[in-house]
Amino acid sequence: MKKPLSTTFKIGFFGAGQLARMSSLKAFELGMQVAVYSDRPENEPVQFMTPYSSSGSFDDVDAMVEFANNCDLITLENEFIDSEILKAVQEQSGTPIYPSPDSFALIENKLIEKQTFEKAGIPVTPYALIESKDDLKSFGKKHGWPYLLKSSKGGYDGYGNETVKSPEEAYTAFDKLGGNDGRDIVAEAFVDFTHELAVQVARNKTGHVVYPCCETVQENHINVAVKSPAQVDEKVRQRAQQLAIAATEAIDGKGIFAYEFFLTKDGKLLMNESAPRPHNSGHYTIEGAVASQFENHVRAVCDLPLGSTDLRKPAVVMINLLGKHKRNAVVENADDAVSEPDGHLHSYGKLESKPGRKMAHYTLLGEDMEQTFKKARELTRSIEI
């Protein structure tokens with residue numbers, strides 16, 4: 001592989017949304033060229049940043065190989081690709097892909113992911129593959145109602161997830177999620193938790209680094225805010241970091257990985273989900289940590305030394321800014337947030353706003369978590385996108 005700090009080195013991203021955009025900004029800082037392959041019909045945020053932009057299906061091996069042939073290395077922005085496709089692209093192009101197709105195959109859908117981490121001794125939420133109406137009823141009988149039904153692949157931000165409270169609701173949700181059309185559907189027990197926590201880990205041949213355990217604030221299955229460090233016992237934070245490192249080692253991961261956990265009322269940690277890419281729970285690291293998850297994403301896949309994950313302030317808060325209208329995107333009423341010392345607005349460059357769509361985020365650094373969180377919420381309450 002060409003030396004990554006060469007100005008002719010080209011890093012390619014499968015996916016061209018805001019995660020690739022923020023990673024690309026760090027690649028540009030290191031003097032790299034950036035190429036993107038988008039599977040979306042509309043123009044995506046990174047496509048405005050580079051002349052090396054391609055569009056096509058994530059099922060089109062020939063098109064993806066052609067793209068890979070013009071890159072020195074490929075990495076991922078999302079997990080909506082099949083591992084066999086990634087293997088074929090890597091083999092036919094000779095361009096390395098990280099996380100590797102073999103690592104990706106161990107977590108590429110929610111069923112395989114649970115099985116992989118369970119085998120590694122990492123506690124996961126109780127689950128089962130659902131194949132029939134009888135499975136729906138028996139899971140509820142064993143684990144109680146309500147419980148969650150999830151599409152095994154492709155769900156995010158509340159899409160592909162349904163909370164079911166009765167057998168009748170379960171039958172309807174199973175059909176809605178594609179269970180009657182051959183899609184794998186996974187049931188997960190409803191966990192009685194006190195906090196939802198997250199940890200990001202970067203790993204390559206130089207070693208690994210782990211970010212502080214943060215807390216995610218959820219509304220309607222969407223992460224609306226993040227607090228770092230999480231306001232839980234230090235032993236819990238350390239245990240979450242240990243489990244995240246163990247999970248990354250279990251898949252021999254190279255790149256940046258994110259892990260979400262439930263902290264139960266009896267003090268146990270259960271892994272909920274993982275992501276083989278930067279994650280919304282780690283956006284606070286751009287200003288909040290010495291080296292952000294996006295910088296360490298690029299460093300990790302290029303086998304560069306990894307940056308420090310230390311926080312720059314005792315309290316770091318990130319607020320997701322969701323679309324409130326269906327219209328051309330424009331950020332309004334943000335003057336107070338932008339003028340706040342150590343307040344940082346990030347707009348993702350999406351052309352169209354939609355209600356509930358992640359359009360931007362705002363990060364505020366401070367000395368006290370309660371005060372910083374309250375102020376961040378106040379500063380962002382009037383923002384319209």
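Modeller: Here it is; note that this is a predicted model. In β3, serine 55 is the bridge partner of serine 38.

Biologist: How many bridges between β2 and β3, and in what sense do they pair?

Modeller: Four bridges, with β2 and strand β3 (residues 52–55) pairing in the parallel sense.

Biologist: And what about β1 and β2, how many bridges join them?

Modeller: Strand β1 (residues 10–14) is joined to β2 by five bridges, and the two run parallel. Within that pairing, glycine 12 stands opposite alanine 35 of β2. Between the two strands the chain passes through helix α1 (residues 18–29), and this β-α-β crossover is right-handed.

Biologist: Is β2 largely enclosed or open, and why?

Modeller: Strand β2 (residues 33–38) is largely enclosed by the rest of the structure, because five of its six residues are buried.

Biologist: Back to α1. What span does it have, and what is expected?

Modeller: Helix α1 has 12 residues and reaches 17 Å from first C-alpha to last, close to the 16 Å expected at 1.5 Å a residue. Just after α1, glycine 31 takes a positive phi of about 85 degrees.

Biologist: Which residues of α1 are buried, and what covers them?

Modeller: The buried ones are Gln18, Leu19, Ala20, Met22, Ser23, Ser24, Lys26 and Ala27. Their cover includes β1, β2, α9 (285–288), α10 (293–301) and β20 (358–366).

Biologist: Change of topic. How many disulfides are there?

Modeller: Zero, from a search of the whole structure. Cysteine 213 is in no disulfide, and the nearest cysteine sulfur, in cysteine 214, is 6.4 Å away.

Biologist: Last one. How many residues are in the largest nonpolar core, and which have the most contacts inside it?

Modeller: That core has 27 residues, and those with the most contacts inside it are Phe117, Leu197, Val199, Tyr259, Phe261, Leu269 and Met271. At least two residues each come from α5 (110–119), β10 (193–204), α8 (234–250), β14 (255–264) and β15 (269–275). Helix α8 gives the most, with six residues.

Biologist: What does leucine 197 touch, leaving aside neighbours within four places in sequence?

Modeller: Its contacts include Cys213, Cys214, Val232, Val236, Tyr259, Phe261 and Leu269.

Technical notes: Residues numbered from 1 in each chain as written. Predicted model: local features only at pLDDT ≥ 70, side-chain atom pairs only at ≥ 80, totals over all residues. Heavy atoms only, no water. Buried < 20%, exposed > 50% of the residue type's maximum accessible area, 1.4 Å probe, protein only. Pairing = 2+ DSSP bridges. Right-handed = clockwise from strand over helix to strand, strands pointing away. Disulfide = S-S within 2.5 Å. Core = buried A, V, L, I, M, F, W, Y, C linked by side-chain atoms within 4.5 Å. Contact = heavy atoms within 4.5 Å. Expected span 1.5 Å × (residues − 1).
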